[in-house]
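Work through the exercises below with the model open, and try each task before reading its solution.

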Amino acid sequence: MKLSRVFLILCCLALLGGCASSSPRMADVRAFAAQSPHLGAYHELTERYRTTYQREQPFLSPAADLRERQLDQQRQASSADFARLQTGVQAYMQALGRLAGDKQYDLEDQVKAMSGGIKAWPDSGIDERHVNAYAGLARLIARALTRPAQDSAVQELLRDGHQAMEELLGAMRTLLRLYDKSSDNEQKIVLGMLETELPFVDTRRDRLLLALSRSLQHDKQVEYHLTGVRNTQAQQNLAAIEQAHRALFNQIPQQ
């Protein structure tokens, strides 16, 4: 009789656990975590921002080269922290998915990467508020890895991480605007130089140079257009993630 009772209790616990992981809210959380690859557009634009000077350099005057070289030093120093913002947001989303029963996420490496923190870059719009939000989210994610997959753990992480997540998404939106402005400036430098120099190419003696220059001009126009489209897509992805996160947060009982 005692063994039968123990077996019955274990079966009930298993059923309760299964119900928790299959509840509509937990399914919504797993779907939210599955959106984390959509942050890839932000990552690509961060890398493009970091390599701005490499693309600009052949088109720069000596004076402009000195100015852009100094800006390049700032971009190289800050871009690693800008990329870590994505790491933090993605780790948070996937930690929620893991607590909701999705076992595909292995977050140990991401937690280690977040442990170093980020610095403030006031000229780029990243201040101490974002630094603290990133550090706080890193602690929450590390703690979440020790919790079993259950609804109460999901609620706790959503409740405690909501404000930090909002701050980091806001920081990423600010940086996307910075990337867009930087791309516009690069476009003016590159296309401006081509538009200025092309009329002076001797069409009879330098036909090959003219053909190559016009081809480059066309390719660059397409490149900057696609970069703008990619930036718009990245902003839309962030907006969708923020909306889904708020919806999940509003579902949980507020203490």
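Helices are DSSP runs of H or I with at least four residues, strands are runs of E with at least two, and both are numbered from the N terminus. The model is a predicted one, in which local features need pLDDT of at least 70 and side-chain atom pairs count only at pLDDT 80 or more, while totals for chains, interfaces and linings use all residues. Residues are numbered from 1 along each chain as its sequence is written, and side-chain values use heavy atoms, with hydrogens and water left out.

**Exercise 1.** Determine which element gives the largest share of the lining of the largest pocket.

*Solution.* A pocket is an open set of points, on a 1 Å grid over the protein atoms alone, with protein on both sides within 12 Å along at least five of seven lines, whereas a cavity is a set where a 1.4 Å probe fits but cannot get out; lining residues have an atom within 4 Å of a point. The largest pocket has a volume of about 400 Å³, a volume being the space filled by probe spheres set on points that are joined across faces, edges and corners. Of its 15 lining residues, Tyr49, Leu71, Gln74, Arg75 and Leu178 are the closest to the centre. At least two lining residues come from each of α5 (62-99) and α8, and the largest share, 6 residues, belongs to α5. By class, the lining of this pocket has 5 nonpolar, 5 polar and 5 charged residues, where Ala, Val, Leu, Ile, Met, Phe, Trp, Tyr, Cys and Pro count as nonpolar, Asp, Glu, Lys and Arg as charged, and the others, Gly among them, as polar.

**Exercise 2.** Find the residues that line the largest cavity, and the elements that give two or more of them.

*Solution.* The search of the whole structure finds 1 cavity of 30 Å³ or more, and about 60 Å³ of space lies in the largest cavity. Its lining consists of Leu99, Leu140, Arg143, Ala144, Arg147, Ala153, Glu156 and Leu157, with two or more residues given by α7 (128-144) and by α8 (151-197). By class, this lining has 5 nonpolar, no polar and 3 charged residues.

**Exercise 3.** Describe how the rings of Tyr42 and Tyr179 are placed.

*Solution.* Rings of Phe, Tyr and Trp (its six-membered ring) pair if their centres lie within 6.5 Å, and planes under 30 degrees apart count as stacked, over 60 as edge-to-face and the rest as tilted. The structure holds 3 aromatic pairs. For Tyr42 and Tyr179 the centres are 6.0 Å apart and the planes are at 40 degrees, so the pair is tilted. Tyr42 lies in helix α3 (residues 40-50) and Tyr179 in helix α8, 137 residues apart, and the pair thus links distant parts of the chain.
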